[in-house]
Amino acid sequence: MTPQSTALGPVARAGALGAPRPKVSFEFSPPKGPKSEASLWEAIRRLEPLEPEFVSVTYGAGGSTRERTHRTVVRMLQETSLKPAAHLTCVEASRDEVDEIVQAYWDAGIRHIVALRGDPPGSLGGVYVPPANGYANATELTRGIRTIAPFEVSVSLYPQVHPESPSADHDIDVLKAKVDAGATRAITQFFFDIDAFLRFMDKLRKAGVQIPVSPGIMPVTSFEGLKKMSVSSGIPLPGWIANLFDGLDEDPETRRLIAASVAAEMCTRLAEEGYSDFHFYTLNRADLVYAICRVLGVREQPKSPQEAAA
């Protein structure tokens, strides 16, 4: 870096250096009703021109959003230029039921599934009991999906140890098993300790795991909501996050500015460390993610004269 660039922060450097355009993907949740459906599709239309690698749609605890998830990804496939991926879990379903869902996705034209173990219904982070006649975990689910059809299969990864895991080494062994079962990509749970993430990734690569890993980025504007998610997911929150949001309970606009700043700085630092794939947990809102993508150099491509006239 030049002396001038080292005097700048990572966000300013991202704008000044003209770094290569990273790959991005976005996660959405299926709508609960007409009002939330309108908000969801407003977000989808705003982010679609950024040409993400894929977009994923979540699957509620216990399969509670099964039909809504299916309907949303199929609509994305039919009405947008996006490449939708459907989340799928093992919970509260037999192998036959899950296999039917997988086949239905393939028949509908979906080619990417995010395979997850899942949480018990009504108990995020609760005790998981494998179904007697179902898939016991995400590794088995991944193998089952790939047996049915050659889907791209993304799986989850905890860079700061899964809450039910004894160690990071165990998490790496679990991911190796998922890769052996056919997983093609890992998406991390959200995190805020970049140094811990980088140490984990060094360990992961030294262990021989070479599939793409997309850091999961959560631009959260509610610290109370973030605390609830971190507790259920076993993700430690650094003290500086609490300090930034302290006293802003009644100031949503400032919280949003801070959330965008934190996420943009995280992404730009990770980009400087060589990471070029980012997965954004959008919470069905486009504005913060759109701004962060702009910082990273992910922008709408200008239309050709032919496209503009169409």
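The model is predicted: local features need pLDDT of at least 70, side-chain atom pairs count only at pLDDT 80 or more, and totals for chains, interfaces and linings use all residues. Residues are numbered from 1 along each chain as its sequence is written, and side-chain values use heavy atoms, without hydrogens and water.

**Helix crossing**
- Helices H7 (residues 168-181) and H8 (residues 194-206) have axes that come within 11 Å and cross at roughly 50°.
- The contact (heavy atoms within 4.5 Å) involves Ala-168, Asp-169, Ile-172 and Leu-175 of H7 and Phe-200, Lys-203 and Leu-204 of H8.
- These contact residues divide into 5 nonpolar, no polar and 2 charged (Asp, Glu, Lys and Arg count as charged; Ala, Val, Leu, Ile, Met, Phe, Trp, Tyr, Cys and Pro as nonpolar; the others as polar).

**Aromatic pairs**
- The count comes to 7 aromatic pairs (ring centres within 6.5 Å; planes under 30 degrees apart are stacked, over 60 edge-to-face, the rest tilted).
- Phe-192 and Trp-240 are edge-to-face, because their centres lie 6.5 Å apart and their planes stand at 85°.
- Phe-192 sits in the loop between strand S6 (185-190) and H8, and Trp-240 in helix H10 (residues 239-245), 48 residues apart.
- Phe-223 and Phe-245 are stacked, with centres 6.0 Å apart and planes at 15°.
- Phe-223 lies in helix H9 (residues 223-233) and Phe-245 in helix H10, 22 residues apart in sequence.
- Ring pairs link Phe-190, Phe-192 and Trp-240 into a cluster.

**Burial**
- Phe-192 is buried at 8% relative accessible area (buried is under 20%, exposed over 50%, partly exposed in between; 1.4 Å probe, protein chains only).
- Trp-240 is partly exposed at 38%.
- Phe-223 is buried at 16%, and Phe-245 is buried at 5%.

Technical notes
Axes fitted to C-alpha atoms, helices over the stretch in contact; angles between N-to-C directions. Helix = DSSP H or I, 4+ residues; strand = E, 2+ residues; numbered from the N terminus.
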